[in-house]
Amino acid sequence: MSVAAGEPWASLLGAVHTLITVCDSLVIVYFLAINTSYLVLILIALGEFVRTLRRAPFAGHDEAATSPLTPPVSVIMPAHNEAAGIAEAVRAMLLLRYPEFEVVVVDDGSTDGTLDALREAFDLAEVEYVVPDDIPVRGRVTSVHLPRGGPVRLVVARKDNGGKADALNVGINLARYPLVCMVDADSILDSQALLAVAKPFCDDPQRVVASGGVVGLANGCTVVAGRVVEVRVPPDLLGRVQVVEYLRAFLLGRTGWSKLGSLLIIAGAFGLFRKDAVVAIGGMDPDCIGEDAELVIRLHKHMRELGRDYRIVFVAEPISWSEAPSQRKVLAHQRRRWHRGLTEILLKHRRMVGNPRYGRIGLLALPFYVVFELLAPLVELAGLVLVPLGVLMGAVNVDFLWRFLIVAYVYAIVVGMVSVAVEEYAFHRFTRWRDVWGGIVGVVAENIGYRQLTAWWRLRGMWDGLRKSPQVWGAMTRAGFDSPTSVREKGGDRA
């Protein structure tokens, strides 16, 4: 080959070399930025925990539990094929410590005898009942049932299948009280859960429109009569990694965002809302797979456009418990679905991103979720490809490779260790050192193999959302708290 003929190839190779060098530099800056942002949120959360611990002796739960001024709550439980555990779950809800509340169960077209289980457990009788139409619903309500004997605070509605969001909308229509609490049928709530999550409404009734509570993982914990009585780290590695994830993202991260006035997600497993505010925006979106987060963002949008002074807050107490997937296939379905939901939400509200009209939500929170949540799996996998390729082509030297590994993984492990330390300092949930060490093992395992695997699942979820493929929940395999392993279709495990 002549020198003249080889020049285009040399130029192309040089351009590729330069491109890889630039991309690798951007990747390392990205990992540095994302881990630093997590650390900042954790430190903000630590400051909030210190203040919470100082105020704990004066929280006033005893006074709120007996005060006639505590706002009444309607607890809404959507249920689909939950016959195995629905009766015990409702009994546990009815035993919550709160002065005035009701439990509204919405059977979303179950085919496994969910309504029969409730009818037998609570001696239900069908009654004539006009369901308000404050929020439009898709699934027709076919019957409403109340307990025969005495003032049991329970309403059970049967409807045609329409999905979890549609079932929640029916529950909101049925709710009699000004505050509505949305919980999953398989969630375990601490006895004072309602008191804790309702406290922001008592303290600031004019401005607070929503509050969310911590969702902890019950895997490995001891559960008696619908209550977590002993907290343990899951025995399996997959469970331990998820404990660390929940600490960093769902406890510390959301506490930090709440302190910044920019909370975007309230877990579908346990959240409290002002009914009039939810009705004003049309309730839950049945077409969005991440209906819980989408509702919160729509609340922000509505309040900002009205120019209202409002608050959406996060209660930093471990008050709700849920079971995390213990099988890799089930976890893959969950993470793929979560990221698809995030993709759909950010696309739906894309005009809010970077828009100063929406204040900190538009200029801080939403851009963060686009850059560091939505695009994170893409950058993670790109780094795994581009950095080794750069080494092979000589575009990246070994010193740069070490810097990349330190920033991307060692820094992330340090952030995870800080998360465990902060949570243990604030709440001291683990009474055994072996549980603390189990959490540390989860921190290391998360960054060596697990993160890369979830990045692939999340990338597939993003692709599903972009091409608007049919929504498929898949079979959720759960070991259960008091029962043997069971497999059932479930649509509400987003935390």
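Tutor: Tyrosine 30 counts as buried, at 12% relative accessibility. Buried means under 20% relative accessible area, exposed means over 50%, and partly exposed lies in between, with a 1.4 Å probe and protein chains only. The model is predicted, so local features need pLDDT of at least 70 and side-chain atom pairs pLDDT 80 or more, while totals for chains, interfaces and linings use all residues. Residues are numbered from 1 along each chain as its sequence is written, and side-chain values use heavy atoms, without hydrogens or water.

A search of the whole structure finds six aromatic pairs. In one of them, the rings of tyrosine 30 and phenylalanine 372 have centres 5.5 Å apart and planes at 55 degrees, so this pair is tilted. Tyrosine 30 belongs to helix α1 (residues 3–55) and phenylalanine 372 to helix α11 (residues 359–374), so the pair ties together parts 342 residues apart in sequence. Helices (H or I, at least four residues) and strands (E, at least two) are DSSP runs, numbered from the N terminus. As for ring pairs, rings of Phe, Tyr and Trp (its six-membered ring) pair if their centres lie within 6.5 Å; planes under 30 degrees apart count as stacked, over 60 as edge-to-face and the rest as tilted.

Phenylalanine 372 is buried too, with a relative accessible area of 14%. The rings of phenylalanine 368 and tyrosine 369 have centres 6.0 Å apart and planes at 75 degrees, which makes this pair edge-to-face. Phenylalanine 368 is buried at 10% relative accessibility, and tyrosine 369 is buried with a relative accessible area of 10%. Ring pairs join Tyr30, Phe31, Trp257, Phe368, Tyr369 and Phe372 into a cluster.

Rings also meet charges elsewhere. A charge sits over a ring if NZ of Lys or CZ of Arg is within 6 Å of the ring centre and within 35 degrees of the ring normal. The charged end of arginine 153 sits over the ring of phenylalanine 101, 4.2 Å from its centre. Arginine 91 lies over the face of phenylalanine 122, at 5.7 Å from the ring centre.

An α-helix has 3.6 residues a turn, so residues three or four places apart point the same way. Just after α4, aspartate 123 has a positive phi of about 50 degrees.

Strand β5 (residues 154–159) has five of its six residues buried, so the rest of the structure largely encloses it. Two strands pair if DSSP finds at least two bridges between them. Strand β2 (residues 101–108) pairs with β5 in the parallel sense over six bridges, and valine 103 has leucine 154 of β5 as its bridge partner. Strand β4 (residues 141–147) runs antiparallel to β5, joined by four bridges, with valine 144 opposite alanine 157 in β5.
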